Amino acid sequence: MPAVVERPGEEHSLRDLLERWGVTESLWRGMSPKWRCTLAADVNGAKQLFDSLNQQKPSMVEEKYVAEVHAAAGSDGLTSLLKGDRAMNKPKLAFNSSWGKPGADLINETHLTVVHKLNEVFEHEDPTPRNLQMFHRATQDEPNIPVLPSLISWPEWLEPTTVPLDKATRFSQKDALTTWHLDDCGEIVFQTALPKPVETCVNPLIGPGGKPVVKIFFCVEKWAYDYITQDQEQNRSARFSMMDLWEASCEQLPDELPLLTLCLIEAGGRPLMLYPNLMHTVLTTQDSVLVEERRLSLLFLEEVAYFNIRSRQSTNPPIFYDFVKDTCTDAKGCYQGVVVPLLHEIERIQKGDVDPALPKAALLARIASSLACLAEFDEVFTLDDSVAASLTDTLAALVKSAACGASPDAIHEENKRIVAFIGSSPYGVLRDFKSGAFYAYTHAGGAAVFGPKRATQTEAMADRRVLAKELEFTDKENHAAIHTVLSTLAPAAPAAGKAPAEKTQADQALLDDLF
């Protein structure tokens, strides 16, 4: 059986990696070889986790935080939860793997299935795999299963500045896909897969921890959101409009693609702490159960503000938890629920009552930067004038102190630039946040088709007119038609001082195969 030998920090062809790992061929066969990826790193100890979060990365953390979950689930969590009568008081909707694919209607019950028992997620005649996410809420009717997410322990240094939002258990069938999305409200999702014996797996992939991989998260950095999902087109068409990771040809992808970070979830292995606002899509590689707890971190209020502002670009609004829509927008609630806990954390750090391994200067800078969001994003947070003035004085003194690192810090500064970037390009044009280059885009059957890289918005708009006119009613699988239209556009100018790259034999072979 294949095993993961790749290391975090190495770059690989995503298509080649999935093939070597034995992922179902029908999933990756149409994938462009342009996609590059790396693996999320294992994170050990308070300092490594703080550094990883402070770099806005997904983190594979220590198993000790989910040891109680795994012990309660037993050696075969899925079989244990499916035993006996797991009938539901009220039927639930499972997502078919086809839900959320490019071109699918935003609201369409044909991509959903009503299930009456948990085993119906796995035992059915429909060839499309299923996902069932069950939230553990007082108002929810659910089958008699243990609330395993309650057993997740959060890192001691992080927990005091977190706000619990939700808990869920997800039952997923092998080869089920979850479409590109953001988790709600700028939350951190802490999640783990229940143990599963390798002998019950089908063509298992053995992960770095020696256990079968049951899910693969494909994540991109926050700045790359507009590459993945085009909200303006989605609003106009009421269909999922996005970059097609699995079937888009090399030609229809932009020259610059964000690097994907792959998080490998092993059954009974390391849990994933997913940093907020990383667009991600998920592939389930084995029938499995994932349990998760969602919390908002007061240390990263930039992410709450970003999610709030980003969601305004969509006519299909996401979930907003009470803490965000009520507490943060009420002056008294914001003071008691946000300001006071962070001021207590500052005091705790200054007294030395924290893990000595933590970088205290950077942690204080992070708190100061997070608190600064309260005034900068007054459409998201509400403070009384007297509280705001007092907080300004407190932050000024903290930032000037020798104990505090540079503030505002890198997360704060980049978030301000990204928020200012939201909605700054006209409909049908993407501007790369990093390079400043422009790309025209349109959609063929909901899948994004990008034009050549351009130096100016005017050039990209000219490309957009051609693409929109010729491809508006083209199916996404019609690569020949897409190729014909893209070939009418002038090629991108080579970088200064560089001659145009010659077409390689591999390039020509790929074109011959496609067209």
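P408 is placed in the loop between α12 (385-400) and α13 (410-421), where helices (H or I, at least four residues) and strands (E, at least two) are DSSP runs numbered from the N terminus. A cis peptide bond, with omega of about 5°, joins S407 and P408. The model is predicted, so that local features need pLDDT of at least 70 and side-chain atom pairs count only at pLDDT 80 or more, while totals for chains, interfaces and linings use all residues. Residues are numbered from 1 along each chain as its sequence is written, and side-chain values use heavy atoms, with hydrogens and water left out.

Most peptide bonds are trans, and most residues other than glycine have a negative phi. Q56, which is not a glycine, has a positive phi of about 60°. Q56 is found in the loop between α3 (45-54) and β3 (59-60). With a relative accessible area of 15%, Q56 is buried (buried means under 20% relative accessible area, exposed over 50%, and partly exposed in between, for a 1.4 Å probe and protein chains only). A238 also has a positive phi, near 60°. A238 lies in the loop between α7 and β11 (260-266) and is partly exposed, with a relative accessible area of 38%.

Empty space was examined next. Rolling a probe the size of a water molecule over the atoms shows where such space is left. A cavity is a set of points, on a 1 Å grid over the protein atoms alone, where a 1.4 Å probe fits but cannot get out; lining residues have an atom within 4 Å of a point. Grid points are joined across faces, edges and corners, and a volume is the space filled by probe spheres set on the points. The structure holds seven cavities of 30 Å³ or more.

The largest cavity has about 220 Å³ of space. Its lining consists of 16 residues, and D226, Q232, G423, S425 and Y441 lie nearest the centre. Both α7 (231-237) and β15 (429-431) supply at least two residues of this lining, and β15 gives the most, with three residues. Five residues of the lining are nonpolar, seven polar and four charged; Ala, Val, Leu, Ile, Met, Phe, Trp, Tyr, Cys and Pro count as nonpolar, Asp, Glu, Lys and Arg as charged, and the others, Gly among them, as polar.

In the second largest cavity there is about 80 Å³ of space. Residues lining this second cavity include W21, K174, D175, N203 and Q286. Its lining divides into five nonpolar, five polar and two charged residues.

Beyond its neighbours within four places in sequence, F381 is in contact with residues including L301, V304, C328 and C373 (contact means heavy atoms within 4.5 Å).

R294 is located in strand β14 (residues 288-297) and counts as buried, at 6% relative accessibility. The side chain of R294 makes a polar contact with the side chain of E292 (2.8 Å). A polar contact is a pair of N or O atoms within 3.5 Å; within protein, one must be able to donate a hydrogen and the other to accept it, and residues adjacent in sequence count only if both atoms are side-chain atoms.

Conventions:
1 Å grid on protein atoms, 1.4 Å probe; cavity = no way out; pocket = protein on both sides within 12 Å on 5 of 7 lines; lining within 4 Å.
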